[in-house]
Amino acid sequence: MNPFGPKALAVATVASGVLAYRAVKKKTLTRAGAVTGLIVGFLLVGTGLRGLTLFFFYQLGSWATKYKASTKAALDETVATASVRGPSQVLAVSILAVLLSLYHAYNYGPEQAMQFTAGAASSSSSVKASTLAAAILAHHAVSLGDTLASELGMAFASSPAQHPVRLILPPFPLVPPGTNGGVTLYGTVWSIVGGLLCGIFTLAMDGISGILPTDNDSNKLFLLGYVVRVTLLAGLCGGLGSLLDSILGASVQMTYWDPETKQVCHHDVVAYDSTNPAPTSKQLRRKHIAGFVPLLSNGGVNFVSVLLTAILGGWVLAPLII
């Protein structure tokens with residue numbers, strides 16, 4: 001499917017329109033966020049069917065966000081408002097994929113199989129195109145992996161005895177569910193699963209596009225090996241990206257504990273309340289539990305972790321694995 005050809009434009013228009021409509025109807029995106037998703041979705045799918053991975057991520061991420069929403073809302077004061085995402089949150093997990101996809105379409109044309117031929121010059125166009133494709137896959141893998149890790153990890157972390165939450169940085173203390181940088185075994189597994197699912201979906205799109213590689217003898221083992229390697233790459237990127245996200249969250253995001261509401265929060269002073277214009281000193285003393293410096297917002301952390309994972313996935317891991 002040629003980038004922004006008739007077929008691509010038709011699929012992109014329908015897919016992005018459905019995404020925006022459902023997002024507003026289901027109240028998973030604000031109107032501005034839906035418009036942003038419409039534009040982002042159109043540009044991604046316009047470059048090829050792999051762009052539909054964004055829609056796959058959005059659907060699974062929405063389901064994970066709504067799963068046990070009331071349980072998560074009791075643990076983290078931001079859950080209620082964060083479940084409806086705006087433009088900045090949409091762009092944090094999509095803008096890099098859009099730029100890489102547009103660059104690929106402009107310089108290398110239609111999507112193609114990812115192949116890093118042994119002995120091939122690193123400057124060859126096929127290797128460069130494969131690097132970009134792998135980086136885009138890594139981008140989607142960490143986006144879905146981290147979302148599933150955060151949402152499903154918190155949903156089951158309400159039972160500390162069964163699913164203890166520990167800060168990812170030493171001395172690895174136990175922390176409340178919802179803490180930035182807090183990890184669980186359950187969440188870690190889901191981050192890898194999210195990456196694997198993105199890999200499988202990408203391969204499915206490649207199959208529909210007819211770009212899965214085959215050797216001259218049509219050896220089925222050749223194709224099977226390719227499928228395994230791409231899926232492995234996606235799974236590793238999902239887990240690695242979630243790990244990077246947790247490290248950033250534990251260091252450049254601040255997390256506090258409110259002893260009155262028994263919730264994690266992200267500001268050390270309670271929000272202004274017109275019925276109580278002068279908060280007591282007790283209310284002002286929220287306990288600091290994680291973070292060294294308030295450098296990035298949650299969207300900023302997502303963007304940086306996606307950027308780092310895309311670089312590692314495309315330029316480091318993919319040549320080694322694929």
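Helices (H or I, at least four residues) and strands (E, at least two) are taken as DSSP runs and numbered from the N terminus. The model is predicted, so local features need pLDDT of at least 70 and side-chain atom pairs count only at pLDDT 80 or more, while totals for chains, interfaces and linings use all residues. Residues are numbered from 1 along each chain as its sequence is written, and side-chain values use heavy atoms, with hydrogens and water left out.

Lys66 sits in helix α3 (residues 53-66). Together with Arg22, Lys25 and Lys26, Lys66 forms a positive surface patch. Helix α1 (residues 6-26) supplies the largest share of this patch, 3 residues. Patches consist of residues with over 30% relative accessible area and no salt bridge; like charges are joined within 9 Å, and nonpolar side chains (Val, Leu, Ile, Met, Phe, Trp, Tyr) within 5 Å. Accessible areas come from the Shrake-Rupley method with a 1.4 Å probe, and for residues only the protein chains shown count as cover. Lys and Arg count as positive, Asp and Glu as negative; His and the chain ends are not counted. Each charge is placed at NZ of Lys, CZ of Arg, CG of Asp or CD of Glu.

The structure contains 3 salt bridges (a side-chain nitrogen of Lys or Arg within 4 Å of a carboxyl oxygen of Asp or Glu). One of them joins Arg50 to Asp206, with the closest N and O atoms 2.8 Å apart. This pair links distant parts of the chain, 156 residues apart. Arg50 lies in the loop between α2 (31-47) and α3, and Asp206 in helix α9 (residues 185-209).

An open sheet is built from 3 strands in the order β4-β3-β5, with antiparallel pairing. Strands β4 (263-265) and β5 (287-290) are the edges, each pairing on one side only. Neighbouring strands are turned by 40° against each other on average, direction ignored. Axes are lines fitted to C-alpha atoms, for helices over the stretch in contact, and angles run from 0 to 180 degrees between N-to-C directions. Two strands pair if DSSP finds at least two bridges between them.

Strand β3 (residues 255-258) pairs with β4 over 3 bridges. Asp258 has Gln263 as its bridge partner in β4, and Tyr256 has Cys265. The β3-β4 hairpin has 4 residues between its strands, and Lys262 in the turn has a positive phi of about 55°. A further 3 bridges join β3 to β5. Here Thr255 is partnered by Ala290 of β5.

Most residues other than glycine have a negative phi, and most peptide bonds are trans. Phe4, not a glycine, has a positive phi of about 60°. Phe4 belongs to the segment before α1. A cis peptide bond joins Pro170 and Pro171, with omega about 10°. Pro171 lies in the loop between β1 (166-167) and β2 (182-183).
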